[in-house]
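Hi,

Here is the structure I promised to pass on. Have a look at it first, and my notes follow below.

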Amino acid sequence: MSGKLHKDAPLLEVKNLETAFDIDGTYYNAVDNVSFTVKPRQIVGIVGESGCGKSVMSLSIMKLLPKGIGEIRSGEILFDGIHLEKLSDKEINRVRGKDISMIFQEPMTSLNPLFTIGFQLQEVLFNHQKISKQDAKLKSIALLKSVGISRPEKIIDEYPHQLSGGMRQRVMIAIAIACQPKLLIADEPTTALDVTVQAQILELLKEIQQVNDMSIILITHDLGVVAEMCDEVIVMYAGRIAEKTDVDTLFHNPKHPYTKLLMGAIPKMDEDVEELSSIKGIVPSLKNMPTAGCRFAERCPSVMPECMVSTPKLAENEQGHEVACFLYETSRALEGVK
Ligand SMILES: Nc1ncnc2c1ncn2[C@@H]1O[C@H](COP(=O)(O)OP(=O)(O)OP(=O)(O)O)[C@@H](O)[C@H]1O
């Protein structure tokens, strides 16, 4: 499926998205008025602690929210000119795996333990392409080779449990790119892997992104991964965007107190720091979300009285650098007065 996309238009445009879960008969927003774009060939990182709404965001885009529990309440998701939020199940099935693919943290839960690797790779090819059995087999072998799996002729006859975690993630990537999607959503793709394998998988993703001219949304709680991989970064807190800018600006000039604290929580390789210094407190659960004010106020070292009563708007502070914080709304207002 392909829309009529102008060459400079964003590939994905999420506008004022609100996704909510029904908890005991009341809807709570896990994604609250979120807007962002992904351009062709861009790697956009979504970063934040556990519970910030990163996964719900990607499930919303893919229309994979648990039926009857989670739903998109408002907003638009435009992909390649098509309103994904309006597609029927049948229509979104044609997009999933073909134009947009997704890889998850733990490939063992996405791969079917009962079927061989070859079967699972060929299944996605048969679903989206007119291809003979022989060609699907040859293509599966080539795909496994392209993700750095040696002896692919042998691996296609093996089952997921016979492979290491790193190999399984490579297989998941092969399945995800089988139909050359324009967008790959990678949700914590390396979190379950050890550090060396993590670096190899990230390297592989970058390579594939360049070769296939693909865009990636990379969901992670790890700013180190963001620094390594991303062009643009969205920092999320409790379902809302706290800050949004390009990767260099974010690391050289972080503005939101939450981003600054997250940066302090990056382990420094050159120093003998054993543990990640964590941010005090936790992300509130949906039911305990503050009903007014900035959702980060309770944990914020720079909190001001207005933060408890009004919601700061995400607005451009400097060109290409958006932040949702009253510290900057005040300075923006003063500039306007000057
Ligand atoms: N099926 C569900 N039913 C009710 N609440 C849910 C459901 N799935 C997610 N949530 C809630 O939505 C909020 C956002 O969750 P989400 O999984 O998107 O966070 P995350 O940033 O991806 O965290 P993690 O890194 O742990 O996956 C959390 O408060 C979570 O408890």
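The centres of domain 1 and domain 2, taken over C-alpha atoms, are 26 Å apart. This is a predicted model, so to speak of local features we need pLDDT of at least 70, and side-chain atom pairs count only at pLDDT 80 or more, while totals for chains, interfaces and linings use all residues. Residue numbers start from 1 along each chain as its sequence is written.

Domain 1 covers 12–99 + 183–270 + 281–291, and domain 2 covers 111–178; these bounds come from an automatic or database domain assignment. Where they touch, 13 residues of domain 1 are in contact with 12 residues of domain 2 (contact means C-beta atoms, placed from the backbone, within 7 Å). Helix H8 (residues 195–212) gives the largest share of domain 1's side, 7 residues. (Helices are DSSP runs of H or I with at least four residues, strands are runs of E with at least two, and both are numbered from the N terminus.) By class, that side of domain 1 has 9 nonpolar, 3 polar and 1 charged residues. Nonpolar here means Ala, Val, Leu, Ile, Met, Phe, Trp, Tyr, Cys and Pro; charged means Asp, Glu, Lys and Arg; the others, Gly among them, are polar.

Now the sheet. It is open, with 8 strands in the order E6-E7-E8-E3-E9-E10-E12-E11 and mixed pairing (two strands pair if DSSP finds at least two bridges between them). Strand E6 (100–103) and strand E11 (315–318) are the edges, each pairing on one side only. E11 runs antiparallel to strand E12 (residues 321–323), and 3 bridges join them. In one of these, alanine 315 has valine 323 in E12 as its bridge partner.

Cheers

Notes
Two residues are in contact if their C-beta atoms, placed from the backbone, lie within 7 Å.
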